[in-house]
Amino acid sequence: MKRLISPGRLAFLGLALAAILTLYFSTLYKLQIVDGNRYYEESTNSIVSEETVIAARGNIMDRYGRLLVSNRNCNNLLIKSDELFPYEDVDENNAYANSAILRMCGIVTENGDAYTDELPITPSTPFQYTESMTALQRTRLDAWLKANGLDSDASAVEVMARMRSRYGIDNNYSAEEMRIIAGIRYEINIRYVVNTSDYVFAEDVSIDTITALMEADVPGIDVQVSYIREYNTAYAAHILGYTGLMDEEEYETYKEQGYKLNATVGKSGAELAFENYLHGNDGTAEVTRTSEGVVTSTVYKEAPEPGNHVYLTIDILLQEKVERILDSGIQVLMRERLNKKAEREAVGEWKFKDGYWEITGAAAVVVNVKTGEPLAIASWPSYDVSTIIENYAQLLETPNAPLFNRALMGAYAPGSAFKPCTAIASLTEGIINTEKKVKCEGVFTKYAADGYAPECWIWTAMLPEHYTHGELNITEALLHSCNYFFYTVGNELGVDKLGEYAHNFGLGEYTGIELTETPGNMSNQANHMDYAGSEWRIGDTLQAAIGQSDSVFSPIQLAEYCATVANSGERHSASILKEVRSYDYSDNIYERKSEVLSRVRTADFNWAAVQEGMHLVANSPLNENVSKYFIDLPRSRAVAAKTGTAQKGENIVNDAIFICYAPFYDPEIAVAMVIERGESGSNNAFMARQIIDAYFDLKSYSDTSEEEMTLLK
């Protein structure tokens, strides 16, 4: 009978099994006996820590989905205190840490990066407090002074002397080296004194810096992968805003929402307004490192959840055009002003001192008439938002305050741009009708016995001759901007009733925009003393009727007011938030719906009379200073407008105000412009024409995709 398994096969299997067992036991012997001590030491020296995994912040897009603000990966340097201070002896710790700090700071700066040092003391002798010290820096410094037994009025020299002693900084270090060491030691120490964010020694450092630190074997440095905001446009700085690490005050607000101490939050603009949408939820991971700092494993306990993506109502292409138009237009006006100054000085007729005739700022706002949505919000001068953190102190000192958002926070007397409001109020209240005429006498003498007799602008325009406007109806009064006409109707109307209409137009009211704005002020008796410092007089009612007295409004209010006129009384919210989508774009979290904030109700023929008056301002040859820029426009772009010239005071050039909407026959956009010391509202007209053209040209670009230029629904 044949055997199933031959003796040869059994012998082979036995030898193979013996070989496997031999290899197994030899490997086990090597692991446990030969290398056992080394592996044991490594296992016992492994460091396991729970670390925050930072969630990416949501992107910011314009209304068509063009990317405005996004993220990019960056490397931050953190200081590991246990490695920087490894000794039990205080003197040894100080000597070791101070030497390491000086080395790491030197390597960072040599490679073109910057480290974080918020100690508000100058970098070299004679030591003094920095002039640009912020309120937060002062708070932190006061806390450090108290903790170290110094009075709050201690000098910078006294602080540096205490730091040299407190941190054991050797006298062999120069004063400048001592300041570098003290700055970093202060940043580390203040985190224990004040409940504040973790210390990021250096943000967004280059690979060269990290490599140099590793090669130099500098202790106490840990590399953290994070995100930094990346701006994909050089425009809309005041709208977009910027981000930064939370301070103590912000932490009190955000800690209830689960924010960690080292969270980055919006500081201004859309970044601040839509923080709740943009901010993601950080995750946590258990990270195991060897004693040399090499990561051996990362186990996610909670995955990070990125923030949502925010779509603004802004059209970034139009925004760019408007900012450029504003900047170049102001340069044109300043050249003309300089020429006028030279000519007048030559004949001894220049009456303005330096500092009272130069253009100091400007703003332009474009809104969608039918929805109230802002399409462009420009403030001049502007700044580079991508470098605001580095240049913040310098920007604070820059002339004309580029950080100030004049479009939303500036408050300006509207001048004659207010007259359409007075016109509608007087028509609606029956003070006048569309056909009734008022004869301009040049000087309004009703209160002459009381010493007050205001003049129409035309009365003194061509001295020594005195001219008047003659008899005018409401439409003609708007065309000629006759002060006498509006003194007359304003006097009968009264400031309280005028205020009701102004508020329904949104003047002196918040617009609904989510960014920080001023409410402005509609002239009234209740707060007149606060603004003017004097008791209310009848003259204030007359001046309020022509947009003076203490009425002040922001450019965005003026734009929405103009849109309301174009809309025949329907005022919409100026919300700038168009849509919010989830981080993977799969869910629509929020979608804007048009919101009516108020209505100005009057007969259609009253609106027609006022709108026609504004149409004539932009198209009548009788108003050549303005109409020369608009009269050639086709019907599809026809403009209605109103100028305003707001008096600033004796020997100070007036502010220039201009509002308009287009097309006149089916309005789509409204524009408001303010130029500080622009002299006359008509000086804005050529820029307004360029903005109108930019809007319609962008709308009709044949090489722009239908999808991109279709409003988000």
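**Exercise 1. Describe the salt bridge between Arg229 and Glu271.**

Step 1. The side chains of Arg229 and Glu271 meet in a salt bridge, with 2.9 Å from N to O. A salt bridge is a side-chain nitrogen of Lys or Arg within 4 Å of a carboxyl oxygen of Asp or Glu.

Step 2. Arg229 belongs to strand β5 (residues 221-231) and Glu271 to helix α11 (residues 269-273), so the pair ties together parts that are 42 residues apart in sequence. Helices (H or I, at least four residues) and strands (E, at least two) are DSSP runs, numbered from the N terminus.

Step 3. Arg229 and Glu271 are both buried. Buried means under 20% relative accessible area, exposed over 50%, and partly exposed in between, with a 1.4 Å probe and protein chains only.

The basis of these values is as follows. The model is predicted: local features need pLDDT of at least 70, side-chain atom pairs count only at pLDDT 80 or more, and totals for chains, interfaces and linings use all residues. Residues are numbered from 1 along each chain as its sequence is written, and side-chain values use heavy atoms, with hydrogens and water left out.

**Exercise 2. Which parts of the chain does the pair Arg406 and Glu676 link?**

Step 1. In the salt bridge of Arg406 with Glu676, the closest N and O atoms are 2.9 Å apart.

Step 2. Arg406 is in helix α15 (residues 406-409), while Glu676 is in the loop between β21 (669-675) and α25 (685-699). The two are 270 residues apart, and the pair links distant parts of the chain.

Step 3. Both Arg406 and Glu676 are buried.

**Exercise 3. Are Arg581 and Glu579 buried or partly exposed?**

Step 1. Arg581 and Glu579 form a salt bridge whose closest N and O atoms are 3.1 Å apart.

Step 2. Arg581 has 24% relative accessibility, so Arg581 counts as partly exposed.

Step 3. Glu579 has 3% relative accessibility and therefore counts as buried.

Step 4. Elsewhere, salt bridges that share partners join Asp632, Arg637, Arg689, Asp693 and Asp697 into one network. The whole structure holds 31 salt bridges.

**Exercise 4. How do the axes of helices α5 and α7 cross?**

Step 1. The axes of α5 (residues 135-147) and α7 (residues 175-193) come within 10 Å and cross at roughly 80 degrees. Axes are lines fitted to C-alpha atoms, for helices over the stretch in contact, and angles run from 0 to 180 degrees between N-to-C directions.

Step 2. This makes α5 roughly perpendicular to α7. Angles of 65 to 115 degrees count as roughly perpendicular, under 35 as roughly parallel, over 145 as roughly antiparallel, and the rest as oblique.

Step 3. Residues of α5 in the contact include Arg140 and Trp144, and those of α7 include Tyr186 and Glu187. Contact means heavy atoms within 4.5 Å.

Step 4. The contact residues divide into 7 nonpolar, 2 polar and 3 charged. Ala, Val, Leu, Ile, Met, Phe, Trp, Tyr, Cys and Pro count as nonpolar, Asp, Glu, Lys and Arg as charged, and the others, Gly among them, as polar.

**Exercise 5. What is the strand order of the open sheet of 5 strands?**

Step 1. The order is β12-β11-β21-β20-β19, with antiparallel pairing. Two strands pair if DSSP finds at least two bridges between them.

Step 2. The edge strands, β12 (374-380) and β19 (640-646), each pair on one side only.

Step 3. Strand β20 (residues 655-662) is joined to β21 by 7 bridges, and 7 bridges also join β19 to β20. Ile659 has Ala672 of β21 as its bridge partner, and Lys642 stands opposite Ile659 in β20.

Step 4. In β19, 6 of its 7 residues are buried.

Step 5. Helix α13 (residues 316-346) lies across β11 (362-368), β12 and β21, at about 35 degrees to β12. Helix α22 (residues 555-566) also packs on the sheet, touching β11, β12, β20 and β21.

**Exercise 6. Which way do the residues of β10 point, and which strands pair with β10?**

Step 1. In a regular strand the side chains alternate between the two faces of the sheet.

Step 2. His309 and Tyr311 point one way from β10, Val310 and Leu312 the other way, and all are buried.

Step 3. Strand β2 (residues 60-61) pairs with β10 in the parallel sense over 2 bridges, with Val310 as the partner of Ile60.

Step 4. Strand β16 (residues 577-581) runs antiparallel to β10 and is joined to it by 4 bridges. Leu312 stands opposite Leu577 in β16.
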